[in-house]
Each structure stands twice: as structure tokens, then as C-alpha cells.
Amino acid sequence: MSRSALVGNVTAMLEDAGFVVSDRCAIRPKSFDIAARRGDDLILVKILGNIDAFNEATGHEMRRLGTYLRATPLVIGLRSRDEDLKPDVTYFRHGVPVLSPDTAYNLFIEEVPPLIYAAPGGLYVNIDGDLLADKRQDREWSLGQLATELGVSRRTVSKYEDGMNASVEVAMTLQELFDAPLTSPVDVLDGADEVHESDSTPDDPDADPDDEQVVAVLTRAGYSVHPTLRSPFKAVSRDDEDDDEEVVLTGHSEFTKAAEKRARIMSSIGHVTHTQSVYVVDRAKQESVDGTALVERDELEELRDAAELRKVIRERAEHEEAA
């Protein structure tokens, strides 16, 4: 299957599941292909035939964007090396959950989350430690007795009851012993933090030298500016003084056909992520592109604070809608 067809299939699946899906980020380089929202669930999805192409820099940027946009970064892929990804298993690459299309279908369409996750050493599941302890005590087994049945140490059983996860083989044995499921699903949409301890959000990259002036103006206006390297926008800017912490996707370049394309993608992503978008240009022949406000560099310099920028963005987006 071509990558374009895979992207189309995943997009159609998410739409069938009730997600609003953005336009495809048809630019390079790109950290994610589409943004999708269903209610409070917002995901940023990278779609790959082979997940080995997902590198650390892209993973770091997706995790940063997940933090800034309150979204879950997610990779949907077909295989790793020459092996297909197993169904109903959550993998991880550079701190980002990875699912096969079948696993994603079960999660989003059938609403059946995966129970198994891959980690160094094999496949594992979450054990409900409290339920395990209750079942063991109901049977009047000691930790040592259960350890003997499982072929593990008494200390290991104690760790299971304290919340340590177990191999698939141990989980199956426990289910057979107590004739009851003792596992809990992987909460993919919460980043699967309970099974995958990743580092804190990677630090922001340095801003492109050509963007330093724009970053300085936005910072002076009261925004926290988080530069990006692999997105349709140059930065995610947050007004920390605003009670709603309004987020603005910001871009900057000469106003070319490529810039217009980026501005349209920013608008589509903004619609899904519930953010505003502004594109700073040297000279603008129009006020906005599909709801992304165009602001000339000199005009931006004259804006005194975030409230003025919000007003400009709102007025230009409304003007385009009225037109």
C-alpha cells in the first residue's frame, strides 16, 4: 500500500469514528500528517508504512506539540523492519505511542483499547494490583503460594500487587488461576504514561535566525513562543496572561504560493485544535487566507500587546467570512 493510500485510509477511519480531521500537512519536513478531534480528545497523527522512519527529532517535536496544544501525539504504521505490527499492541518510538491500523480501528471505531504494550524484553500488560491482591486473599493464598504457581519470586508477586506490570504469559496464567481478567487497558489517549515512563518534554529548539525579530515582538507582547522545526507553522505562541491561555499558530516568510499553502494548512489545523493562526509577511496583498490572519512585519512591530494581536486576528478572520 502506498503511503498516500494509507493516509487516506486512516483519515477515513477517523472520520467514521466521529473525528473532525484537518487537511493533510502536505509539506516537508513535517512532524505530523493530520490533526483530529473528537470531543475533548485531540490527536496529532504521523502515518508511516515503516515506523523505523520515525526519528528522534520528529518524536521530540510531536511531544512538544502535544504539550503546547494539549494533544496526544500518535503514530499509525504498518510494520517495523520486515515484520508487521501486531494487532492490539501499543508500541513506542521516542516516547510516542505507535499503533497498527487494525489496533487504531479497534480503539477508535470499536472502542476497544489495546491491552498489550511492547517494551524491551517482550510484550507486557497492566496488572490491576488491588484486584489481584483481593483475589489471592479470597483464596487464602500467601504471596509464596501464588509465586510458586507463577514460577516467580515472592517479591515479584508483591510488586505485581503494588502495580508493576507483567508479561503476557504471566497475565494469562493469572487469568487461568483466578478465572477472571486482572488486566487494564493501555490508555493511549492519555499518552500511556502508566506503562511508558518517558523523559520530560524535550526543550524547545532555537528559533530560526530569520524569525528572531518576530519572536522578539511576540515575546514583548506577552506571548510565550515555542519554535518548531518540522511543522507547517514556525511556532506555537501562548498568551500566558490570558485566563484561557489562548494559543496562536504563527508563521513567517515572504508571501509566496508556498506561504499561502502553509497558511491554508494552518487554518485547517487551527480549526481542529481550537487555536488561532497568524502569518507574518513583509508585504500582504490581502488580509487573511482561509481564516489565517496576514500581518505585515512593520504592522506587527506596532502592536503593543497580545490583546491587540487577538483583535487583528479576529477582525481579519471575520472579514474573510463576511466576504
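1. The structure holds 12 salt bridges, a salt bridge being a side-chain nitrogen of Lys or Arg within 4 Å of a carboxyl oxygen of Asp or Glu. The model is a predicted one, in which local features need pLDDT of at least 70 and side-chain atom pairs count only at pLDDT 80 or more, while totals for chains, interfaces and linings use all residues. Residues are numbered from 1 along each chain as its sequence is written, and side-chain values use heavy atoms, with hydrogens and water left out.

2. One of the salt bridges joins the side chains of arginine 3 and aspartate 33, at 2.8 Å from N to O. Arginine 3 lies in helix α1 (residues 3–16) and aspartate 33 in the loop between β1 (20–21) and β2 (34–38), so the pair ties together parts that are 30 residues apart in sequence; helices (H or I, at least four residues) and strands (E, at least two) are DSSP runs, numbered from the N terminus. Arginine 3 is partly exposed, with a relative accessible area of 27%, whereas aspartate 33 is buried at 0%. Here buried means under 20% relative accessible area, exposed means over 50%, and partly exposed lies in between (1.4 Å probe, protein chains only).

3. Glutamate 161 and arginine 136 also meet through their side chains in a salt bridge, at 2.6 Å from N to O. Since glutamate 161 lies in helix α6 (residues 154–161) and arginine 136 in helix α4, the pair ties together parts that are 25 residues apart in sequence. Both glutamate 161 and arginine 136 are buried.

4. A further salt bridge is formed by aspartate 211 and lysine 234, whose closest N and O atoms are 3.1 Å apart. This pair links distant parts of the chain, with aspartate 211 in the loop between β11 and α8 (212–220) and lysine 234 in the loop between β12 (223–227) and β13 (235–239), 23 residues apart. Aspartate 211 counts as buried at 7% relative accessibility, and lysine 234 as partly exposed at 32%.

5. Which residues does arginine 64 touch, if those up to four places away in sequence are not counted? They are Thr201, Pro202, Asp203, Asp204 and Pro205, where contact means heavy atoms within 4.5 Å. Arginine 64 is found in helix α2 (residues 56–69) and is buried, with a relative accessible area of 7%.

6. Two residues deserve a look for their backbone angles. Most residues other than glycine have a negative phi. Glutamate 111, although not a glycine, has a positive phi of about 60°; this residue lies in the loop between α3 (101–108) and β8 (116–119) and is exposed, with a relative accessible area of 60%. Aspartate 179 likewise has a positive phi, of about 55°, without being a glycine; its place is in the loop between α7 (168–178) and β11 (183–184), and at 71% relative accessibility it counts as exposed.

7. For the protein as a whole, the secondary structure comes to 11 helices and 17 strands. Of the 323 residues, 49% count as buried. The C-alpha atoms fill a box of roughly 75 × 45 × 35 Å, taken along the principal axes. Among contacts with a separation of 6 or more, residues 24 or more positions apart account for 59%.
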